[in-house]
Amino acid sequence: MITTEQLEKLRGWFAGRLPDDLFEELVEVTADREEITVIGRIPGPRLADDASDAEREAAVQGRIQEFRERTRDARIAVARDAEHRFGRKVSWGVVCGTERALFTHVAAPVMTRLRQPERQVLDTLIAGGVARSRSDALAWCVRLVQSHTDDWLAELRESLEHVQRVRAQGPDAAPEDTSADET
């Protein structure tokens, strides 16, 4: 888990390292053990006031695709620096108007052992057409829990940060060298 201070330093590094004209605003920087995700705001396309919803949606998708292609080299350069410095892959995303789009990002495998009743839950989701596989069904369950427990997870993360701060204040693991005092 990454602490708030570590996340602030990470966000600060990206804010300083990103080219000034890449994003209108750095919206979000998140990280876990495998990946750092950087999301920035880009300007929406200019459209006539009477543009239809379909036209607006297509224009936003076109703007996102244009941004992704135009900025690829700059984003790769930043990602290489960050991957070397932080030891994690960097993924990118944008916010354009009300649309949020993630570009290629890490899908990390998570190994788990499930008992039959838990496997039956996953298999029911597959049979019901909610998921294509047990992996999809498990990801769906995690997203469901996440959407209903954001407050609880935030409180748990705060508690873990407190534990890490207390551990950092403890005595050093290596004993001090006191041989010079014995004369």
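I take helices (H or I, at least four residues) and strands (E, at least two) as DSSP runs, numbered from the N terminus. With that in hand, I placed Glu155 in helix α6 (residues 150–168).

**Ground rules**

I am working on a predicted model, where local features need pLDDT of at least 70, side-chain atom pairs count only at pLDDT 80 or more, and totals for chains, interfaces and linings use all residues. I number residues from 1 along each chain as its sequence is written, and my side-chain values use heavy atoms, with hydrogens and water left out.

**Overall fold**

I counted 6 helices and 4 strands in the protein chain. Reading along the sequence, I get the pattern α-β-β-α-α-β-β-α-α-α. The radius of gyration is 23 Å, well over the 16 Å that the globule rule gives for 183 residues, so the chain is more spread out than a compact globule. I took that radius over C-alpha atoms; the globule rule is 2.2 Å times the number of residues to the power 0.38. I also looked up the extent of the C-alpha trace: about 90 × 50 × 30 Å along the principal axes.

**Surface and contacts**

For exposure I call a residue buried under 20% relative accessible area, exposed over 50%, and partly exposed in between (1.4 Å probe, protein chains only). Buried residues make up 23% of the 183 residues. The accessible surface comes to about 13,700 Å². Carbon and sulfur atoms hold 49% of that surface. These areas come from the Shrake-Rupley method with a 1.4 Å probe; for residues, only the protein chains shown count as cover.

Contact means heavy atoms within 4.5 Å. I took contacts between residues at least 6 apart in sequence, and 51% of them join residues at least 24 apart.

**Charges**

I count Lys and Arg as positive and Asp and Glu as negative, leaving out His and the chain ends. The place of a charge is NZ of Lys, CZ of Arg, CG of Asp or CD of Glu. The protein chain has 26 positive and 34 negative side chains. The centres of the two sets lie 6 Å apart.

**Salt bridges**

My rule is a side-chain nitrogen of Lys or Arg within 4 Å of a carboxyl oxygen of Asp or Glu. The count by this rule comes to 8 salt bridges. I looked up several, including the pairs below.

Glu25 bridges to Arg41, with the closest N and O atoms 3.1 Å apart. This pair links distant parts of the chain: Glu25 sits in strand β1 (residues 25–31) and Arg41 in strand β2 (residues 35–41), 16 residues apart. Glu25 is partly exposed at 40% relative accessible area. Arg41 is partly exposed too, at 28%.

Asp123 bridges to Arg134, with the closest N and O atoms 2.9 Å apart. Again the pair links distant parts of the chain: Asp123 is in helix α4 (residues 116–127) and Arg134 in helix α5 (residues 134–148), 11 residues apart. Asp123 is partly exposed at 31%, and Arg134 is partly exposed at 39%.

Arg132 bridges to Asp136, the closest N and O atoms being 3.0 Å apart. Here Arg132 counts as exposed at 74% relative accessibility, whereas Asp136 is partly exposed at 26%.

**Two buried residues**

I found Thr37 in strand β2. Is Thr37 buried or exposed? Thr37 is buried, with a relative accessible area of 13%. Not counting residues up to four places away in sequence, Thr37 touches Glu28, Val29, Thr30, Ser91 and Leu102.

Next I checked Arg75, in helix α3 (residues 72–86). Arg75 is buried yet has no salt bridge. Which side chain of opposite charge is nearest to Arg75? The nearest is Asp73, 8.4 Å away. Leaving out residues up to four places away in sequence, Arg75 touches Leu22, Phe67, Arg68, Trp92 and Phe103.

**Separations in space**

Back to Glu155, which counts as exposed at 53% relative accessibility. Glu155 and Glu99 are 56 residues apart along the chain, and their C-alpha atoms are separated by 28 Å.

Arg80 also lies in helix α3. At 59% relative accessibility, I log Arg80 as exposed. From Arg80 to Ala154 I noted 74 residues in sequence and 31 Å in space, C-alpha to C-alpha.
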